[in-house]
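Welcome, and please load the model in your viewer. We will go from stop to stop, selecting a few residues each time.

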Amino acid sequence: THLIKPVEMETKEAKLIVIPTGKYTGIAIESRRAIGFDAMLGSLSEGVLVYQIDTTIPYNLSPMKLVPRVGSTDNEWRRDAALQLNDSLTVQGWKIYVIESGNWGDVVKVEKVG
C-alpha cells in the first residue's frame with residue numbers, strides 16, 4: 001500500500017510507483033491533479049494513471065503505454081483513463097486498487113494476483 005503525491009505537487013514525497021515485471025518491462029503508477037502544468041486537467045483526468053513499460057521498444061515508438069480504467073470511453077485522448085476512488089485494474093498479474101484519494105494525492109494498494 002503506497003501513498004503517491006500528484007506529479008505537479010512540490011514535495012519530496014513519492015510521486016511514482018514502479019513494479020518491475022521482467023528484465024525490460026514494468027508497470028508505472030502516478031497521481032495527477034489539476035495543479036501546476038496539469039492545471040487544465042478535467043475532473044475525469046484527475047486520479048491514478050497506470051502505464052505498461054517495455055524498454056525494448058524504441059523511445060520514438062513509445063515504450064510506455066497508458067492502461068485506461070475499466071469503462072474508459074475516450075479512445076483518442078484518454079481523458080477519462082484515470083482510476084478514481086475504489087477503481088481497480090489488473091495489469092500483467094498485478095492488481096492496482098485506489099483506496100483513498102484527495103487533493104493531496106492517492107493511496108494505492110498493489111498486489112500480485114494469480
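**Stop one: a loop residue**

Select leucine 83, which you will find in the loop between strand E5 (64–67) and E6. Keep in mind as you look around that this is a predicted model.

Is leucine 83 buried or exposed? Its relative accessible area is 1%, so leucine 83 is buried, the cut-off for that label being under 20%. Now show what surrounds this side chain. Leucine 83 touches Glu46, Gly47, Val48 and Val50, along with Arg69, Ser88, Leu89, Ile96 and Val98, leaving aside residues up to four places away in sequence.

**Stop two: the nonpolar cores**

Next, select Ile29, Val50, Ile96 and Val108. In the largest nonpolar core, which has 15 residues, these four touch the most other members. Colour the strands that give two or more residues to this core: E2 (16–20), E3 (25–32), E4 (47–54), E6 (88–91), E7 (94–102) and E8 (105–112).

Zoom in on valine 108. Which residues does valine 108 touch, not counting those up to four places away in sequence? The contacts are Thr1, His2, Ile4, Ile17, Ile29, Val48, Ile96 and Tyr97.

Then switch to Ala28, Tyr51, Ile53 and Ala82. These are among the members of a second, separate core of 6 residues.

**Stop three: salt bridges**

How many salt bridges does a search of the whole structure find? There are 5, and we will visit some of them.

Start with glutamate 30 and arginine 32, whose side chains meet in a salt bridge at 2.8 Å, N to O. Both of these residues are buried.

Move on to arginine 33 and aspartate 106. They form a salt bridge too, and their closest N and O atoms are 3.0 Å apart. This pair links distant parts of the chain, 73 residues apart: arginine 33 sits in the loop between E3 and E4, and aspartate 106 in strand E8. Arginine 33 counts as buried because its relative accessibility is 6%, and aspartate 106 is buried at 0%.

Finally, select lysine 109 and glutamate 111, which meet in a salt bridge at 4.0 Å, N to O. Here lysine 109 is partly exposed, at 35% relative accessible area, and glutamate 111 is partly exposed at 32%. To end the tour, show Glu30, Arg32 and Asp38 together: salt bridges with shared partners join them into one network.

Methods: Residues are numbered from 1 along each chain as its sequence is written. This is a predicted model: local features need pLDDT of at least 70, side-chain atom pairs count only at pLDDT 80 or more; totals for chains, interfaces and linings use all residues. Side-chain values use heavy atoms; hydrogens and water are left out. A nonpolar core is a set of buried Ala, Val, Leu, Ile, Met, Phe, Trp, Tyr and Cys residues joined through side-chain atoms within 4.5 Å. Buried means under 20% relative accessible area, exposed over 50%, partly exposed in between (1.4 Å probe, protein chains only). Helices (H or I, at least four residues) and strands (E, at least two) are DSSP runs, numbered from the N terminus. Contact means heavy atoms within 4.5 Å.
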